[in-house]
Amino acid sequence: TLHDKQIRVCHLFEQLSSATVIGDGDKHKHSDRLKNVGKLQPGAIFSCFHPDHLEEARHLYEVFWEAGDFNDFIEIAKEARTFVNEGLFAFAAEVAVLHRDDCKGLYVPPVQEIFPDKFIPSAAINEAFKKAHVRPEFDESPILVDVQDTGNILDPEYRLAYYREDVGINAHHWHWHLVYPSTWNPKYFGKKKDRKGELFYYMHQQMCARYDCERLSNGMHRMLPFNNFDEPLAGYAPHLTHVASGKYYSPRPDGLKLRDLGDIEISEMVRMRERILDSIHLGYVISEDGSHKTLDELHGTDILGALVESSYESVNHEYYGNLHNWGHVTMARIHDPDGRFHEEPGVMSDTSTSLRDPIFYNWHRFIDNIFHEYKNTLKPYDHDVLNFPDIQVQDVTLHARVDNVVHFTMREQELELKHGINPGNARSIKARYYHLDHEPFSYAVNVQNNSASDKHATVRIFLAPKYDELGNEIKADELRRTAIELDKFKTDLHPGKNTVVRHSLDSSVTLSHQPTFEDLLHGVGLNEHKSEYCSCGWPSHLLVPKGNIKGMEYHLFVMLTDWDKDKVDGSESVACVDAVSYCGARDHKYPDKKPMGFPFDRPIHTEHISDFLTNNMFIKDIKIKFHE
Ligand code: CUO
């Protein structure tokens, strides 16, 4: 049954943070199928950005993919688990569960429970571990430890630690890169991931925009992009340690500069950037066989996304290199570039931890600027593309405790550690931390359909800050950088007046519910129509930015477009409608024909956003308030 299979999958991921991997050199005793894995040492920090790690992980997920049946998959995975690096194993096994047809309906336990040591500072984990192991057997009360701060306000960036170190956003990022592995070979799997390069651009662009909104909420300036390969960089200390090996994610002191590694020189990265920018300005890229491929309106962003990352689908690895991934790796190795101190990398090399580091956002703004440069070569959308004839949006209200105001507060949360870390005699060991949370709300959109027939519409909802760090109103074209998607959904409009109502919990960017390790072991929340794919999604407690005590002003932007023009075949049967905007849909095309980020992805030539609006758009000023 589904439940039996789920239990077997859960066992693959149990106690991975504790010392269960032996990692002996005696590889010949293993199945021949596993001959290409076992290179990365157990206990080392697995990187989803380093080409060697990715290559080994690809070998392993292909072995899992080729397994004859479910039983064979579990058995070969169990064997691999005895000697393969834990992080690499988890990555490969998750990719397999995500994609194997006989794993439909199955989940991988939440990554924060598999590897709590990638989410919870080591001081708290050690304390929990010690308490658990001196606990007398008859004492069944749970052990609860508090998570310590990772810095203080001497570092101005510390004010955003609550956001960067949020468990939910880091888990989302880990899942996103599992759904879209950069080594994914569509020909081998016979499954193309629709608009993968474009989604790489869009999901990360949205993370940058969200981070900028959060910065403005805290009275800080928007992120300055990384720009200069020679400049000294700001530091960060993650306080995370692998329980099993004692190896830690290295801190980065202030003031270090990027340096050459054995496998990449910084000058090569500078050249990659030049070649990519040259191609953008020429309007075409050069393929491996020397032919030119036009960066046309339909495919340009997708082509660029693949070559900037770079993914398997890059048109020319040799020429354009691997700019984005090398950025993660060089920044993570900045403190010991030639490895003379045998240090481990920093958090930037791991997708489940990189969002914690402020440098992540500098780097990704730099990457985003490359895409922005491309988007600026496209002409603004014509009135005809923006408009939806006969459809007029007359008003929008955000309903909450107080209309048009969203209230934020801090909420206490506990994370169960016992599935990742040996709990000794204790029944449960938990880490307590705090995260932001806002009240749920809903939108009511009043729409007039002036035609005589029913219309299908796509409703697109965005939020953008009204004022910049200096208190000046942000101009329309600049708003594009900080506009964050809140929701996108289909609705039907009858002739005459309509009120479209939608709840914030149904958002197309957020994860609505994720079963815990315990739930999965007990078969709670299993459903044949859901699967590991559904674990990707932005945390719902951070759907909107924090705001401030006075009430920060935002534009709530609503636009209705013609769904009959936006629709993609088969998109109504998508299994996880939870977070399609950022995660796409399993085995389906991206369920919206419009470019991702539409209508804010192209230049806007009006000065004020109100002059950009056609009848089918509306802007309402709302406030977001934060209470200590
Ligand atoms: Cu997700 Cu750079 O790709 O972090």
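The protein has 20 helices and 14 strands. Helices (H or I, at least four residues) and strands (E, at least two) are DSSP runs, numbered from the N terminus. This is a predicted model: local features need pLDDT of at least 70, side-chain atom pairs count only at pLDDT 80 or more, and totals for chains, interfaces and linings use all residues. Residues are numbered from 1 along each chain as its sequence is written.

**Overall build**

- A compact globule of 628 residues would have a radius of gyration near 25 Å, and the protein agrees, with 24 Å. The radius is taken over C-alpha atoms; the globule rule is 2.2 Å times the number of residues to the power 0.38.
- Along the principal axes, the C-alpha atoms fill a box of roughly 70 × 65 × 55 Å.
- Of the 628 residues, 49% are buried (20 or more other C-beta atoms within 10 Å of a residue's own, with C-beta atoms placed from the backbone).
- Among contacts with a separation of 6 or more, 78% join residues 24 or more positions apart. Two residues are in contact if their C-beta atoms, placed from the backbone, lie within 7 Å.

**Helix 12 and helix 15**

- The axes of helix 12 (residues 300-309) and helix 15 (residues 358-375) come within 11 Å and cross at roughly 150°. Axes are lines fitted to C-alpha atoms over the stretch in contact, and angles run from 0 to 180 degrees between N-to-C directions.
- The two helices are therefore roughly antiparallel (over 145 degrees).
- Helix 12 contributes Gly-300, Thr-301, Leu-304 and Val-308 to the contact, and helix 15 contributes Ile-367, Ile-370, Phe-371 and Tyr-374.

How values were computed: Angles under 35 degrees count as roughly parallel, over 145 as roughly antiparallel, 65 to 115 as roughly perpendicular and the rest as oblique. A residue is buried if 20 or more other C-beta atoms lie within 10 Å of its own, exposed if 12 or fewer, and partly exposed in between; C-beta atoms are placed from the backbone.
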